[in-house]
Amino acid sequence: MYGLGKIFRHEMLKIAKEKTLLFGFLVLPVITLFLTVGMTMLTPMDQEEAEEYRMYFHGISIESYNIGTMEDKEIWIVPVAEDPQVFMKSDDFHHYDVMVDFSDIRDVKIYYYESNSVSCYLKMSAESFVRKTYEELYKGMNRNVAFREVFVEDIKKEDDSNRMIAMLLPYMLVLPLTANIANLAGDTVAGDKARGTFYQVMLSPIPPLSLIMAKILSVSVISIVSSAIYIGMDVAGSRICKAVGVRDAFGFADVSITVPQLLLILLYAVLLCYLFSNIGVLISLFCKDTSQAQTAQIPMTLLCTIASIMSMFRFGISPASHYMIPVYNICLIFQDLLNSRAKMSNMLLVAVSLLIPAVLVLLATLLSYKSERVRT
Amino acid sequence: MITISHLRKTFKNNKVEAVKDVSLTINDGEIFALLGPNGAGKTTTMRMVSTLLAPTSGTILFDGKEADPGDPKLRRRIAFLTNEIRLDGQFTPDELADYYGHLYEMTPEQIKEHRDKLFDYFGISEFRNRRYETFSTGMKQKTSLAICLLHDPDTIIFDEPTNGLDILTQHLIESYLVKLKEEGKCIILSTHILDLVSRLADRVGIIVDGKSVFCGTVEELPKSRNVSTVEEAFLELYKENHEEKAIIEK
């Protein structure tokens, strides 16, 4: 693709010379981030009132049953198949609840909230239950084994501010990003067509595909830079909060990301920005001016907005199929990462579900650039 | 030399037959004026000649060889300037010359030489470091023309190049067209200003309702209709061919 580099450089210079675009891509993310953080800090951290108390049991075959009442609320024993560490981070696990992990009979663990009288009571009941279970198990094995100490661990579930930021951050990233890309992509091709600059390059010996690809790449690069600023500022904010010992309203203080996860996140950034940019350029190829292109892109922006808003109303763990819905899945995985419950399988699903439309849109662009409507 | 034979163009998206049958010959070292009412198919014809659009049928020969729209060598020989074509407003004439020069694979030395010559002629040198968007209409058109001609094309297609320009700028552009003709370039000029045709053009082609109805010298045009001016001849030709179409439709 001869000339791609030259046009790309020209397009980047064009963006750099346009103050309104720079504001949208580079300044706006910083403003929205601080607005989000501010909103999180002002939100009171209230704890939900439980309808019943639960003792969750993992790794043991048990039926769900009621063992009594406390403070007019029923206490239930509930089996749970899911990994206790993941389950305890879900919305199903309440502040009063206790988790008993029987995965390893020689190392039973009981997790509960430290500063909670209800959970202390439940923990004691759980300990009695474990002791009884030990006795029954070892009696059957005809062994003279004494009761082993049960490891009891206090858990610190993320406070509501962290859940709040995890809910808001993806939405606040996706929304301005799609709007900015639609705006820029609309102007970069359809605007050039209206101004006449598009034909000037189309008439040069440069292959038209180089022109279109250079435009897609320039929009993608500025979008990636914009997203990097947003995430970078957020991570830096968390680090600063941690360093000065104040409550982290940025949500990243306790987030640990492995190298494969980091690589996948980078892949998402590239694919998502590329996908939005390519769709934007593809739509604007068939439009005569910027306003027509921006109007034509409203449905895409609207769909992305709805998808990101829907992610804010997510409760608990989402099924794997949800990680295949583009844009929505990005918000889900972002939330999962912030809540330290991201699964590698889901992360891979997200990558695949972004890669497939990216390839399809690229093919559509390759077929479309020869169209008469593009050239007239 | 450009030879256009039975050129036809139907747009697939709206099924409009913009050009029905156009046959013209344009020689090197001449200014060829393309005349026709609005919507006659002049711009579509010029877009096909400039390789921007592919014809539905018919042929366009450049020096006897059929034009291949994807051929970069052919594109390097053509310049197409319409009054719709503008340049990126954020850039200065110098930056634009560098960019377009590189697109046409010119060396920095070639760019500098051609740029300085054209900028001096059109009086742009003084404003070479100012943004294009800050220029007046005339200055913009002169800059577009200079950038368009930077790669020294031998076929130059102008779609109403002096529209909306002041007398001085019009005169400057007209003088440059004559200069290009004297250099042996092949110039196609589309305009509604019949006075400009009488003053500048060597030969004329007239398109009415997508069909070429005349192709000959400026002197031959009035004689062909037994009238005294180009304008009268044009109107006669238009009436004859447009009425004919109306009768067929009835």
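In chain B, the buried residues of helix H6(B) pack against strand E3 (30-35), helix H5 (137-148), strand E7 (155-159), strand E8 (186-190) and helix H7 (194-200). The structure is a predicted model.

**Burial pattern of helix H6(B)**

- Thr169(B), Leu177(B), Leu180(B) and Lys181(B) are the buried residues of H6(B).
- Viewed down the axis of H6(B), these buried residues fall within an arc of 120°, and they therefore line one face of the helix.
- The exposed residues on the other side of H6(B) are Ile167(B), Leu168(B), His171(B), Ser175(B), Lys179(B) and Glu182(B).

**Geometry of helix H6(B)**

- After H6(B) comes Gly184(B), with a positive phi near 90°.

**Contact between chains A and B**

- Chain A contributes 21 residues to the contact, and chain B contributes 22 residues.
- On the side of chain A that touches chain B, helix H1 (4-17), helix H6 (197-202) and helix H13 (372-375) of chain A each supply at least two residues.
- H6(A) gives the most to this side of chain A, with 5 residues.
- Classified by residue type, the side of chain A that touches chain B has 8 charged, 7 polar and 6 nonpolar residues.

Conventions:
Residues numbered from 1 in each chain as written. Chains lettered and ligands numbered in written order. Predicted model: local features only at pLDDT ≥ 70, side-chain atom pairs only at ≥ 80, totals over all residues. Buried ≥ 20, exposed ≤ 12 C-beta atoms within 10 Å, placed from the backbone. Helix = DSSP H or I, 4+ residues; strand = E, 2+ residues; numbered from the N terminus. Arc of directions from axis to C-beta. Contact = placed C-beta atoms within 7 Å. Nonpolar A, V, L, I, M, F, W, Y, C, P; charged D, E, K, R; others polar.
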